[in-house]
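Have a look at it first, and then we can go through the details together.

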Amino acid sequence: MAETDTNMHELDRLLQVARQEKPDLPEALEARILRDAARVRAGFAAPARPGAAALWRQLRAALGGWPAMGGLAAACAAGLWLGLAPPAALPDPVMLLDDTSGETLALFSGDDLALAMLEDG
């Protein structure tokens, strides 16, 4: 126990000496470190909030330009049209899954839908 106390007192004395000493750092190195830190800090500065036009440009570029935007708009319009007014040749998908009324075609009744969606089955 006494040996541990001696070691701790010696460590405290060494730490006190280290706190009082000023580290030797060359002036040129300190100037380069501060210059690099200022450059890095400037890179982290918050950019100005882009306007709506800049956001649309970024979205258009991310999707692939005007041709891709045109194709996406056409696909959205076709999906909306088919969803709201399906052709008479196609059955209504909601009616296919509905087995409560006797007059609809029920492809999946009861647990058949869950069994059909299993990967193993």
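Asp-36 and Arg-39 sit 3 residues apart in helix H2 (residues 27–43), so about one helical turn separates them. The side chains of Asp-36 and Arg-39 meet in a salt bridge, at 3.6 Å from N to O. (A salt bridge here is a side-chain nitrogen of Lys or Arg within 4 Å of a carboxyl oxygen of Asp or Glu.)

Before going on, a word on what you are looking at. This is a predicted model, where local features need pLDDT of at least 70 and side-chain atom pairs count only at pLDDT 80 or more, while totals for chains, interfaces and linings use all residues. Residues are numbered from 1 along each chain as its sequence is written, and side-chain values use heavy atoms, with hydrogens and water left out.

How many salt bridges does the structure hold? There are 2.

| Residue | Relative accessible area | Class |
|---|---|---|
| Glu-10 | 38% | partly exposed |
| Arg-13 | 46% | partly exposed |
| Asp-36 | 38% | partly exposed |
| Arg-39 | 58% | exposed |

Now for the nonpolar patch. Trp-56, Leu-59, Leu-63 and Leu-72 form it on the surface, with about 400 Å² of accessible area together. (Patch residues have over 30% relative accessible area and no salt bridge; like charges are joined within 9 Å, nonpolar side chains, meaning Val, Leu, Ile, Met, Phe, Trp and Tyr, within 5 Å. Areas come from the Shrake-Rupley method with a 1.4 Å probe, and for residues only the protein chains shown count as cover.) Helix H3 (residues 52–63) gives the largest share, 3 residues. Leu-63 belongs to H3 and is partly exposed, at 39%. Just after H3, Gly-64 takes a positive phi of about 115°.

Stepping back, the chain has 6 helices and 0 strands. (Both are DSSP runs numbered from the N terminus: helices are H or I with at least four residues, strands E with at least two.) Buried residues make up 4% of the chain's 121 residues. The chain exposes about 11000 Å², and carbon and sulfur atoms supply 64% of that.

How far can you trust it? Mean pLDDT, the predictor's confidence in each residue from 0 to 100, is 79 for the chain, and 68% of residues reach 70 or more. Confidence is highest in H2, at a mean of 92, and lowest in helix H6 (residues 112–117), at 61. Where pLDDT is low, the predicted coordinates should not be read in detail.

Key:
Buried means under 20% relative accessible area, exposed over 50%, partly exposed in between (1.4 Å probe, protein chains only).
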